[in-house]
Structures are given as C-alpha cells and as structure tokens.
Amino acid sequence: MAIPTGDTIGILSDNLRLRQSVMPIPKKRATGWAKKLNLPRGGPTVIYTGQMYQLIPYIETMVAAQERLASSPLAGMTGLGRRMNRFVNIMRFMARPAASTAAEYDRVLTDIALLLQTAGVDFGYLYEDDLYSGALAHDLGLDAVVALHARRVLEAFKRHGVRSVITVDPHTTNMLRTVYPSLVDGFTVEVKSYLEVLTTKSLQIRRDQTKDLVIHDSCVLARYEGVVEEPRQLLRAAGVTLNEPENTGRLTWCCGGPVESLYPEKALANAQRRVDQLRTAGPEGVTMCPLCLANLRRGAAGTMQFQDISRYLADAYVSQTEVS
Amino acid sequence: MSVLLNPGLVDQVRLTGEFDAAACMNCGVCTAICPMGLGLLPRGLFHQVLMGREDALATHTETIFSCLLCRMCEECCPAGVHITENVRTLRRHVNRTRFGLKEA
C-alpha cells in the first residue's frame with residue numbers, strides 16, 4: 001500500500017513550519033562539519049549550506065524506512081502519524097544514518113570551505129542559524145509556509161549583519177537567489193554559488209588531476225540558475241578531461257531526486273536511466289548537487305562511481321595538510 | 001459517460017498562482033522529452049484544467065506530484081509556457097482542495 005501523498009506533504013509542511021526544516025536534524029549534526037575550521041560567526045559574507053549535504057544521510061535512511069512502511073499495514077495510519085508529528089518529531093525515530101555516511105557528506109562542506117579560504121575569500125558561518133532553505137516545500141507548492149520560513153532566514157541574516165552569501169548546492173542557490181526575493185519584501189542579499197565565486201579567483205594547482213570524468217549537470221544549477229561553464233572551467237584548469245554525456249549542460253537529464261520524498265521507486269527508475277546515459281561516456285562521474293550524488297549512486301548500485309566536484313577541486317587546489 | 005465541467009476551475013486554480021497553459025499550441029515536445037514519461041503532464045492535464053475537468057485533478061494527483069520540475073520541457077517549449085510554475089500552481093490547488101492543507 002502506497003503512503004498517502006497528502007499525509008507525507010502535510011508532515012513535511014508541519015515540520016518546516018514548526019521545526020524550521022522539512023526533515024529536522026540535530027543542530028550538532030547540521031553544524032558539526034565546521035567544528036575544526038574555527039569560522040567566525042556571521043559577518044558581511046557567509047558560507048550558507050542550507051543543511052542540504054547534511055540532510056542526505058537522513059534522507060537515505062528515511063527513504064529506506066518509507067519503503068518498509070509502504071509494505072506494512074502501518075501505511076494506512078500515516079494520518080495518525082501526521083497528527084502525532086505535530087507534538088513530537090517522528091522522523092527522529094525513523095532516520096538514524098551511519099556515522100561514516102554523515103562524515104562523507106560533511107567532508108564536502110569542509111572541502112568547499114577550504115577551497116574558499118585557499119582562494120582568499122573572507123567569510124563566516126551562521127552555525128545554528130544556517131537554516132534549511134525550504135526547497136522541497138517550495139517544489140511541493142507549500143508557498144505560504146516557505147514564505148514564513150524565508151522571513152526567518154532574512155531575520156537571521158539581519159541579526160548577523162550578512163550582506164552576501166556563498167551557497168554550496170544548487171537548490172539553496174535557487175531558493176535564496178531567485179525564489180526568496182519573490183516571496184519576501186526587502187530580500188536584497190547577494191547570492192553566489194561557491195563555483196561562481198571560485199572562477200573569479202586565482203587558484204594555484206597543487207596536484208594535477210589527470211583523469212577522465214563524466215560530468216552530470218544539476219537541472220537546477222544549469223537550467224534554473226544558468227551555471228554551466230563554471231564547473232567545467234574549474235575542473236579543466238585542474239587537469240581533468242571532461243566527457244560530456246548525452247543530455248548535458250542546459251539539456252541535462254534529471255537524476256530523479258526531486259520525487260524521492262513521495263515516490264522513491266520512480267526516483268530510482270529515473271536515476272537508473274540517467275546512469276545508463278552517463279556510463280556510456282565513462283566509468284567515473286562528477287556531480288555538483290547532493291541530491292544528484294545520492295540518487296545517481298543509488299541508481300548505479302556500484303556499476304559506476306560518483307564523487308562531488310568539491311573532492312576533485314580540493315585535491316587539486318587545497319594544500320595536502322589542510323585537506324587531511 | 002457524462003462529465004461535469006466546472007467553467008470556473010481555471011479561475012480557481014489561478015487564485016493560487018500563475019497558470020499560463022492557454023499559451024500552449026499543443027505541439028507535444030514536452031510530452032516527448034519528459035524524463036519521467038508523464039504522458040498526461042503537462043499538455044493533456046493543462047488542457048483538461050482549461051476545459052474545467054475538475055475530475056482530472058482528482059484522478060491524476062499522483063501524476064501532478066510525479067513531475068521532477070526539472071524544466072527540460074520548459075527549456076524546449078516553443079510557446080514559452082511556464083510549465084513548471086503551472087505544475088506548482090496545480091500542486092497548490094490540490095494541497096488546498098484535496099489534502100486540506102491550509103498552510104501557515
């Protein structure tokens with residue numbers, strides 16, 4: 001029995017309204033990646049994670065829990081689950097990711113911060129005020145609760161004196177740069193992806209990345225935000241030979257991730273179709289979105305390797321002592 | 001089979017946001033290139049909404065929420081229809097009328 005769509009959307013909406021995220025995770029987990037970096041709190045320019053990379057390990061375990069739930073008699077009781085969730089975060093009991101998975105996604109954020117520092121960018125971090133952007137809720141048409149949440153984010157920026165933010169994933173970039181200004185009066189914060197920022201800086205190559213990679217563009221980064229050349233420029237300058245698959249750049253093929261919360265089996269089928277396209281161009285793929293990374297890995301099931309672009313860029317441009 | 005049409009449906013849908021499906025010239029590019037193979041979205045369902053087929057929104061709720069919002073269709077639409085925003089508008093309408101989500 002499929003989990004009723006309306007109940008799932010209701011739980012996600014309630015979570016964003018009551019707990020500031022569609023999938024609330026412990027604050028320690030959301031901010032732990034920055035522990036060793038001693039980033040200043042706030043300031044005119046901040047790195048903004050929107051908790052997307054931190055959420056992926058929880059989403060993976062939640063999808064597995066959803067699949068178990070869908071095949072059990074409890075699937076018909078999600079209405080009750082939604083009512084309970086208003087009082088206690090039921091996801092706390094359903095999603096407990098492995099520490100090793102969380103550490104891998106945390107490393108993406110650490111690598112990005114080190115890349116920005118290496119490039120001479122002066123930035124802070126908002127720690128517990130680095131809130132989820134509301135991207136999934138916006139996709140699901142929950143605009144009123146997203147507008148409420150966008151005002152919280154704007155208030156946090158005001159409290160910390162933020163005038164510009166550097167985003168790390170496509171969905172948060174799109175929400176802050178394009179969606180929030182349409183929802184909240186006075187949202188004038190400058191928003192750039194770290195890939196855009198890095199292409200404007202002078203970076204010295206420390207370790208040549210002599211390898212062939214198949215590039216998978218994010219739909220949101222390429223088609224919504226028009227960021228296509230920047231990742232290619234950074235990778236090629238690092239020595240990477242890029243193989244373009246069928247459907248690339250602005251015509252990229254979605255990984256399927258956006259429907260994972262409601263229909264995980266459809267997301268997986270789409271990821272498998274995309275992996276089939278990518279595999280014909282080479283055995284090692286590079287992604288620039290946490291949803292793409294997780295979903296394509298799931299679709300490939302070990303038949304093709306995927307890494308986030310930050311791993312290759314950090315290997316190329318950041319000194320070995322800092323990376324380790 | 002008789003179907004009850006609601007001539008005011010498109011106006012009700014537009015209460016929740018943009019819905020420019022009338023600009024569609026029915027060429028079928030969107031259907032042909034949809035990664036999810038959603039035969040009904042966007043073209044077929046949009047036209048049913050324009051005709052007032054309220055039953056179509058009830059029958060095809062899963063299709064409406066299966067769209068990836070990836071914008072592949074919009075990128076290739078010769079009529080420049082804001083397809084993904086139209087889908088989001090339908091989702092808002094369904095959230096309100098079928099799922100009873102009053103939101104914040």
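B:Thr84 is buried in this predicted model, because 20 other C-beta atoms lie within 10 Å of its own, and a residue counts as buried at 20 or more. To find B:Thr84, look in helix α7 of chain B. Leaving aside residues up to four places away in sequence, B:Thr84 touches B:Leu69, B:Arg71 and B:Glu74.

Let us now turn to the place where the two chains meet. How many residues of chain B are in contact with chain A? There are 20 of them, and they meet 28 residues of chain A. On the chain B side, α5 (61-66) and α7 (83-97) each supply at least two residues.

Next, let us walk over to chain A. Its domain assignment gives domain 1, spanning 5-199, and domain 2, spanning 212-323. Taken over C-alpha atoms, the centres of these domains of chain A are separated by 20 Å. Their contact draws 32 residues from domain 1 of chain A and 28 residues from domain 2 of chain A. If you follow the domain 1 side, the elements that give two or more residues are α1, α3 (52-70), α6 (99-118), α7 (135-139), α9 (170-183) and α10 (194-199) of chain A. Which of them gives the most? It is α3(A), with 8 residues. In terms of class, the domain 1 side divides into 15 nonpolar, 10 polar and 7 charged residues.

Helix α1 (residues 5-19) and helix α8 (residues 143-159) of chain A have axes that come within 9 Å and cross at roughly 25°. This angle makes α1(A) roughly parallel to α8(A), because angles under 35 degrees count that way. As for its hand, the crossing of α1(A) and α8(A) is left-handed. You can pick out the contact residue by residue: α1(A) brings A:Ser13, A:Leu16 and A:Arg17, while α8(A) brings A:Val145, A:Leu148 and A:His149. By class, this helix contact has 3 nonpolar, 2 polar and 1 charged residues.

Methods:
Residues numbered from 1 in each chain as written. Chains lettered and ligands numbered in written order. Predicted model: local features only at pLDDT ≥ 70, side-chain atom pairs only at ≥ 80, totals over all residues. Axes fitted to C-alpha atoms, helices over the stretch in contact; angles between N-to-C directions. Helix = DSSP H or I, 4+ residues; strand = E, 2+ residues; numbered from the N terminus. Parallel < 35°, antiparallel > 145°, perpendicular 65-115°, else oblique. Left-handed = near helix turned anticlockwise from the far one by under 90°. Contact = placed C-beta atoms within 7 Å. Nonpolar A, V, L, I, M, F, W, Y, C, P; charged D, E, K, R; others polar. Buried ≥ 20, exposed ≤ 12 C-beta atoms within 10 Å, placed from the backbone. Domains from an automatic or database assignment.
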